[in-house]
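Here's a quick briefing to read alongside the model. Have the sequence and the 3D view open as you go.

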Amino acid sequence: MDITFSAEESAFRDQVREFLAENWTEDLARRIRGEDEEFKAAQIEWQNKLNDKGWLAPGWPVEHGGVAWSVTENFIFETERSLAGAPDVVPFGLKMVAPVIYGFGNDEQKKRFLPRILKSQDWWCQGYSEPGAGSDLAALKTKAELDGDDYIVNGAKVWTTYAQYADWIFCLVRTDSSGKRQDGISFLLIDMKSPGITVNKISSIDDHHSLNEVVFDNVRVPVANRIGEQDKGWTYAKALLAHERTSIAAVADSKRRLRDLRKLLSEEISGGRPLLDDVQFQNRLSNTEIELMALEYTELRVLASTADGKGPGVESSLLKIKGTEIQQAIQQMYMDLAGYYSGVLHGDETAESIGHAFGHDARKAYMYGRAATIYGGSNEVQKNITAKYVLGL
Amino acid sequence: MDITFSAEESAFRDQVREFLAENWTEDLARRIRGEDEEFKAAQIEWQNKLNDKGWLAPGWPVEHGGVAWSVTENFIFETERSLAGAPDVVPFGLKMVAPVIYGFGNDEQKKRFLPRILKSQDWWCQGYSEPGAGSDLAALKTKAELDGDDYIVNGAKVWTTYAQYADWIFCLVRTDSSGKRQDGISFLLIDMKSPGITVNKISSIDDHHSLNEVVFDNVRVPVANRIGEQDKGWTYAKALLAHERTSIAAVADSKRRLRDLRKLLSEEISGGRPLLDDVQFQNRLSNTEIELMALEYTELRVLASTADGKGPGVESSLLKIKGTEIQQAIQQMYMDLAGYYSGVLHGDETAESIGHAFGHDARKAYMYGRAATIYGGSNEVQKNITAKYVLGL
Amino acid sequence: MNFNLSEEQNMLKDSVARFVQDEYDFETRRSNAANPLGFNPDNWQTFAELGWLSIPFEEAYGGFGGGPTDVMAVMEEMGKGLVVEPFVATVLMFGGLLSKSDNAALKDAHIEKIIDGSLQGAFAYVERQSRFELADVKTQAKRDGDDFVLNGEKTVVFNGAAANKVIVSARTSGKQCDEAGITLFLIDADAPGVQRTSYRLMDGQLVANIKLTDVRVAANQVVGEVDDGYKLIDAVVSDVTIALCAEAMGIMQKLNTTTIEYTKTRQQFGVAISSFQALQHRMVDMFMAGEQAKSILYRAVCAAESGADDLAKNIAALKVMIGRNGKLIGDEAIQLHGGMGLTDELDVGHYVKRLMMINTTFGDADYQQQKFNRLAYAE
Amino acid sequence: MNFNLSEEQNMLKDSVARFVQDEYDFETRRSNAANPLGFNPDNWQTFAELGWLSIPFEEAYGGFGGGPTDVMAVMEEMGKGLVVEPFVATVLMFGGLLSKSDNAALKDAHIEKIIDGSLQGAFAYVERQSRFELADVKTQAKRDGDDFVLNGEKTVVFNGAAANKVIVSARTSGKQCDEAGITLFLIDADAPGVQRTSYRLMDGQLVANIKLTDVRVAANQVVGEVDDGYKLIDAVVSDVTIALCAEAMGIMQKLNTTTIEYTKTRQQFGVAISSFQALQHRMVDMFMAGEQAKSILYRAVCAAESGADDLAKNIAALKVMIGRNGKLIGDEAIQLHGGMGLTDELDVGHYVKRLMMINTTFGDADYQQQKFNRLAYAE
């Protein structure tokens, strides 16, 4: 039992801090909080800075431009990154499709896609969920029929985050309807510029555009864009789900959010006393902070036990459930701290003209945060998985 | 919307208070807290005082010695009774078997049993649950086979409260195993002195003897002791279950327990301040008190809506679930208030010699209280009932 | 003892329910809220014609003379329809302050106009620093001859954008958080020195910050007594709290029914998700939360009807439970609707947002619980 | 970074596990607890022979020189067996105070005897009024020549009935709740003026109230420094808190496995109740509660091993979570066992009772949370 950092690890932490101090600038932070194109450009700029440093793709094979960090180094980087307020990379390319490509794709596909993902030249989105297939992913109906060297894809995907920016989408499509539901699914990489693709905005409760519906109307996709074998897509996708669940836990980001909340609480006065002195609010803070202190070690235990790189298995359900519960508890505290201002929509006004710094953002975060317990396999499904595969019920 | 008492109702309340002041004496209270025979004798003494006043059997038909109280009068009596610290009647005779006897029994049975119940000459216990049939009551296996004018009863009942004191037991027994599980069940009244009955004590986690197993080995029961038709016992028993669930809620008793707890909290000093000033404990108190304030009105709403005497239906599940949750929350607070002394077993010592007034009793109440969410149809079963019959799921 | 509405109250309730049913489907509601006023003025006239705007006022002023039960009956149905018209701001808050005051001239001048629908009012009580403390008032009012001169800023004023008249709480004496020394002034929304910044809240209502720079108010425009405004504020906030909780009650019932219906139709893993026991038990929890909230609402209304001396404690308890149970029901409603619950086109999210704003108004559950603790446990 | 036990630690853990497996089935445990001493003295000798009693002591005194991780490994297994022998009271508390003191003479005289199993000790720190405040000490010690004279009463002394020697916290200066002015005295349990009243706690342990009337103690029997005993108490309570939480950890794991197994065998409505999704999700909550508790235990142990400066905060967090999650697991274990969970013959209730006593010891979850708040949020 030992968590103390070695001299090398401490040195690495200093290196990370130095990098962040130099590259994560006020200006970049401001632009990345912006909307649409401003956000997209800033996000790409940030990812390129990480790539120039060689830190963009931990976990990737080194020969493809990845960086082989130990569990501790990864922990150090994530902690420092989020304490500095720097965002995670957009996961769809770097964390979701890339592992499938270098894990199950052919050399042609690796050569073609991985470098462009590293350089953030392609923006990816994820085509899994469908109107009738949410947590029950295997119920998907989007069809791909072989026609010469192409598949003809018809159907629709929903809840597709950032599809409005995307150059490519990776999709699970049905290539065979006979047999088990998990069989007959193939994994396709689809160019968003292909004729027949329509992206419909879904206005969501956070009054912010991130979700979309992607409709496929006789879209031609070269067979060369299929990962691995036809009808075996489910096995490739499954490997990803655990990864996704683990990253949804976002432990390090919750630590930063709690730290910032604590500061705001010390500045907000109620009845002449800072709200941070209020025992009731202190208890809500510590209820969450203690869960988070534990979850941080749960994550480390999971990662340490899977340091072979295979990535976590079913334990990741626990991380996803607890991590998202903690995120929502924190979002709730920001809302309650904002009081009347938790309802504010800026519209044509600004934080300055309305006179409250974070109410608008707290509401956005709270409303968008409702999704965390639903996507990536709803927390209910995570409990089913845990009951079956961990507890053997 | 009106809850104010009429002049008559206020007068009735004064009457009740007067009666309690005269008849619920310190000495009786002390003896009723005693063990075994002392408890039994005191409980009977108390019930006889109520009977002399004509207040023992609200809800019973007047011709059988009952008293026809309005919902409000019943509410007033229950509130005053429990605020005075006086116990409820032992329900098995007065509240559970009696309604079945006057509802479905024949004149012979009414004449024979009801007067003795009113005079507390017979102590009754309930023979429903079986080792294999808990919340799933209809799974019961205790068999009764016709032999001339008698049934021969074989099997076992468990969790039988106060069987060690009982003169009679009312049982659900299986008289037919073909057909639906709810069919083929008969309702028998069995003399506990019948040859072949053994009562085995079940030591329970409260280190107090209340639960028993009652074993039937070829016990002869006259057919004359069967309520209503053979094989129709389930329908008679069902009518009772709602009654039972409602009384388990024990709203008025929880009010008294909270009031007393509040006093103890004002006397217990922690770090120089009374524990009642501790915001955290205040919040636990008010979380429970507010739920109880609501439940009191939920009960009144249910009773008011069923003032026709038919008694509550499925809504009683809500009362049972919330009522028992509140009881357990209160028991927990008594334990936490007692601190180290929450573990105390008197043994040969006393509250005085050990130096803590209520630790021993708090533990007993807490441990015995675990049963409340399990018996009378576990709270899980209550939720199933509500989901099905109230929400239509 | 009875928990039934009178025949008259039932008719009132039904008329609101019918209006919502016929005139207030969700898309219409959306466009009503989108109106630059923050509501649909035609609906307001309908309210006037149906007599709803007269409910809480004394007969002497042409009112219906209704009590807490009447208001509850109306608000519960308005909640089910997510009605955005400012019944609370104009009738219950602005009108409530006037009718609880003993200033006959002001009553004569305004109550009639409220009832006929020609006057929109607002009550400006929040300040940037005040959070939920009604007595935390920095806005200053200085005597100057027969006038008072007001300076300061009130924020998040409900119906502040559409109001013609605004009642403002300002300090005429005492320290920032003293209850004594607060005076209520009736001002014209477009009086010289009044500057409004309006914006929307997530529940669709249009509110305003109102900046006051040397605003002159005649002494006869004081609502209630000078330095003694807090008494009025406290009384009106009590009434309005019950009304808002009744609205929340209607919303919770709506969310519970909607959620149950949705789970019966939504298929996953080949069956309706309403067949999953884990979800059933959670919907039972939602149901119980709704029933308990209804009970404590009835309790508070009965206490208000009979003027019980523990009314304040009952109202604090009510607000706590509406806040907590509302959160449970809102969270679960979205969660059980899955992705659909996250969309703006579905009404679920909008009901939840309104519940959240009601929780915040006059102090959230935590704040109200501490108030309850003081009332119940302070030695 | 690693969360593994060393080979040595694994061997230690296994030896305790094997002992519980072979020598400590539930019925045996029952009779061990029933022993007039409160435990089985033969087992104590076995502990000595197996070297367990030497674990936390320095090699210099014949100890094994073990740290928090070693203690955790032992306690987790003892928890699974509900071991009643006073390892905590004699070795960790009584022995811990001695070895953390710099009083070589007292160490020489006693540590050896603890290790060879011939000495039973106890630490008397609770008083009737003190609740969880370690510094709330009314028991007085007055200097009288080379002696101190003690008067007062200590209560709920763990292993107080069997102890030959007791370390008593008494006040030599300062006010009732001052941390300064507390001195620790080593006394004979049967010294003149010592009167013991022993009774049982629900977890089976035998404790005692110890009344002190003019008890004379030589100045050289002071453990640590006069007036400066609190420092020692605080340090030992930190160590013991981690140890008790490790014991609780073992109990939670046991309860979770037992409950899962029971639901797989218990039939209701014609199927095993483990097939009910609502119960499955609750067992997942139990599992998560156990895993989170294990993580924060590891966190605290790592902090103790490295002497981290936020150790106190980590220990408070640990105690809070062990208390809360222990309650959740205990409640659910009984509930899911139904009627069987209410019987004394089943072990479930006994595990729950031990969890409850661990929660109370040194301050329950609420108390520890306020301590955490002070450490984390006090400006």
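This is a predicted model: local features need pLDDT of at least 70, side-chain atom pairs count only at pLDDT 80 or more; totals for chains, interfaces and linings use all residues.

Residues are numbered from 1 along each chain as its sequence is written, while chains are lettered from A and ligands numbered from 1 in the order in which they are written.

**Chain A overall**

- Chain A has 13 helices and 11 strands, counted as DSSP runs numbered from the N terminus (helices are H or I with at least four residues, strands are E with at least two).
- Along the principal axes, the C-alpha atoms of chain A fill a box of roughly 75 × 50 × 50 Å.
- Of the 393 residues in chain A, 46% are buried, where buried means that 20 or more other C-beta atoms, placed from the backbone, lie within 10 Å of the residue's own.
- Among contacts in chain A with a separation of 6 or more, 69% come from residues 24 or more positions apart; a contact needs C-beta atoms, placed from the backbone, within 7 Å.

**Helix 13 of chain A**

- Helix 13 spans residues 379-390 of chain A, and its buried residues include Asn379(A), Glu380(A) and Lys383(A).
- Those buried residues pack against helix 10 (316-338) of chain A, and also against helix 8 (277-305) of chain C and helix 8 of chain D.
- Just after helix 13 of chain A, Gly392(A) has a positive phi of about 65 degrees.

**Where chain D touches chain A**

- Here 31 residues of chain D are in contact with 33 residues of chain A.
- Helix 8 (277-305), helix 9 (311-337) and helix 11 (365-377) of chain D each give two or more residues to chain D's side.
- Helix 8 of chain D gives the most to that side, with 15 residues.

**Where chain B meets chain C**

- The axes of helix 9 (residues 279-305) of chain B and helix 11 (residues 365-377) of chain C come within 10 Å and cross at roughly 90 degrees; axes are lines fitted to C-alpha atoms, for helices over the stretch in contact, with angles from 0 to 180 degrees between N-to-C directions.
- Residues meeting there include Leu285(B) and Glu289(B) from helix 9 of chain B, and Phe372(C) and Tyr377(C) from helix 11 of chain C.

Note on methods
Two residues are in contact if their C-beta atoms, placed from the backbone, lie within 7 Å. A residue is buried if 20 or more other C-beta atoms lie within 10 Å of its own, exposed if 12 or fewer, and partly exposed in between; C-beta atoms are placed from the backbone.
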